[in-house]
Amino acid sequence: GSGAEPPGPFRVRPIATRRGPDPKQDRAARTRLLVLTAAAELFTARGFRHTSVQEVADRVGMTKGAVYFHYPTKEALAVAVVEQHYARWPLLLAAVTAEGHGPLETAERLLAGATLAFRDDIVVQAGTRLQVERPQIDAELPTPYVDWTELLAGLLSRAEALGELRAGVRPGAAARSLVAAFFGTQHISDVLRERADVVERWAETAELLFGAIRA
Ligand SMILES: CCC[C@@H]1OCC(CO)=C1C(=O)O
């Protein structure tokens, strides 16, 4: 498509408006967030297999049964963490889009913004590790990489239409290369420096790649 409208998963969904404050619901939501964050910390540090629901419960000072009330299985916890990971991106897209840059600059700023999440956001770090561990997780997890690829391809198609893309650069191929380079860069940073330098590493790669595709 023209790329004007972001692909589905990147569209910000309106927060369900409630009739009024509902203390019980709020408490449940806060508990779920606490459990999710503790699970993300353990999944990031030890991975899915070597994390138990008991350890998650201990980390938040709850019983295993109380955790199971919110997340019936460890797989359900993993699915929730990955879903929260992906829920970050529509918010980033809305923030960057609001700045009113052209499509190529928007793509560059999106990926730069994503590196901050990979450096600082435990849920994004956990979601990324869980996506790598998909074969060990008996649950329906979203297909990784495809939404970012589709979003970037749409932006690069718009850049091409505006003459911002170097002649001969194919938006789809460039989008796939950007996603591959981003994933590889954040992975190498994670392995070598626990992502301490992911922002700088990506800036170096982005300078090369965006310099190669810009008209
Ligand atoms: C932006 C590059 C792709 C991104 O990097 C890690 C990861 C986790 O699976 C991603 C995804 O699924 O889109």
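**The ligand and its shell**

Let me start with the ligand, which is surrounded by His85, Tyr86, Phe118, Thr128, Gln131, Pro144, Tyr145, Trp148, Val179, Phe182 and Phe183, where a residue counts as near if one of its heavy atoms lies within 4 Å of the molecule. The protein covers 99% of the 340 Å² of accessible area that the ligand has on its own, an area that comes from the Shrake-Rupley method with a 1.4 Å probe.

This is a predicted model, in which local features need pLDDT of at least 70 and side-chain atom pairs count only at pLDDT 80 or more, while totals for chains, interfaces and linings use all residues. Residues are numbered from 1 along each chain as its sequence is written, and side-chain values use heavy atoms, with hydrogens and water left out.

Two polar contacts (pairs of N or O atoms within 3.5 Å) deserve a look. One oxygen atom of the ligand is 2.5 Å from an N or O atom in the side chain of Tyr86, and an oxygen atom of the ligand is 3.0 Å from a polar backbone atom of Tyr145.

Which helices supply at least two residues each of the shell around the ligand? They are α4 (74-98), α6 (122-132) and α8, helices being DSSP runs of H or I with at least four residues, numbered from the N terminus. The largest share, three residues, comes from α8.

Helix α8 covers residues 171-193 and includes Pro171. Pro171 counts as buried because its relative accessibility is 12%, and buried means under 20% relative accessible area with a 1.4 Å probe, protein chains only. Leaving out residues up to four places away in sequence, Pro171 touches Ala153, Leu156, Ser157, Glu160 and Leu165, contact meaning heavy atoms within 4.5 Å.

Methods: Buried < 20%, exposed > 50% of the residue type's maximum accessible area, 1.4 Å probe, protein only. Polar contact = N/O pair within 3.5 Å; in protein donor to acceptor, adjacent residues only side chain to side chain.
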